[in-house]
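Biologist: I am new to this structure and would like to go through it with you, step by step.

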Amino acid sequence: MRAGPITIVVALLVILAGAAVFAYQGLTLPGDPMPTEGWIALTLGVVFSLIVGVGLMVLVFYSSRKGYDEASQFRSDDRPE
């Protein structure tokens with residue numbers, strides 16, 4: 001292997017290790033509980049994200065079933081001269 005792929009793999013492993021350490025510290029260190037406003041904001045964010053995700057999936061299925069995703073069909077008499 002050349003140095004480029006090895007460098008990329010090592011960099012990604014370092015990032016993964018850093019994320020694991022950060023997650024471990026965040027889950028094990030004691031701290032203040034989340035205030036009520038935080039729970040409300042979290043709930044609203046999750047609900048809004050679900051609404052957006054479901055809405056986008058509905059649009060994907062709608063456009064697929066109505067034929068909007070099909071390739072354009074040109075007839076020979078439709079082409080400009």
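Biologist: Is Ser 63 buried or exposed?

Modeller: Since this is a predicted model, local features need pLDDT of at least 70 and side-chain atom pairs count only at pLDDT 80 or more, while totals for chains, interfaces and linings use all residues. Residues are numbered from 1 along each chain as its sequence is written, and side-chain values use heavy atoms, with hydrogens and water left out. Buried means under 20% relative accessible area, exposed over 50% and partly exposed in between, with a 1.4 Å probe and protein chains only. Because its relative accessible area is 17%, Ser 63 is buried.

Biologist: Which residues is Ser 63 in contact with, leaving aside its neighbours within four places in sequence?

Modeller: Ser 63 has its place in helix 2, where helices are DSSP runs of H or I with at least four residues, numbered from the N terminus. Contact means heavy atoms within 4.5 Å, and, with those neighbours left aside, the residues that Ser 63 touches are Tyr 68 and Asp 69.

Biologist: How far apart are the end C-alpha atoms of helix 2?

Modeller: The expected span is 1.5 Å times one less than the number of residues. For the 31 residues of helix 2 this should give 45 Å, and the end C-alpha atoms agree, as they are apart by 45 Å.

Biologist: Is Val 46 buried, partly exposed or exposed?

Modeller: Val 46 is also found in helix 2, which covers residues 36-66. Because its relative accessible area is 43%, Val 46 is partly exposed.

Biologist: How many helices does the chain have?

Modeller: The chain has zero strands. Its helices number two.
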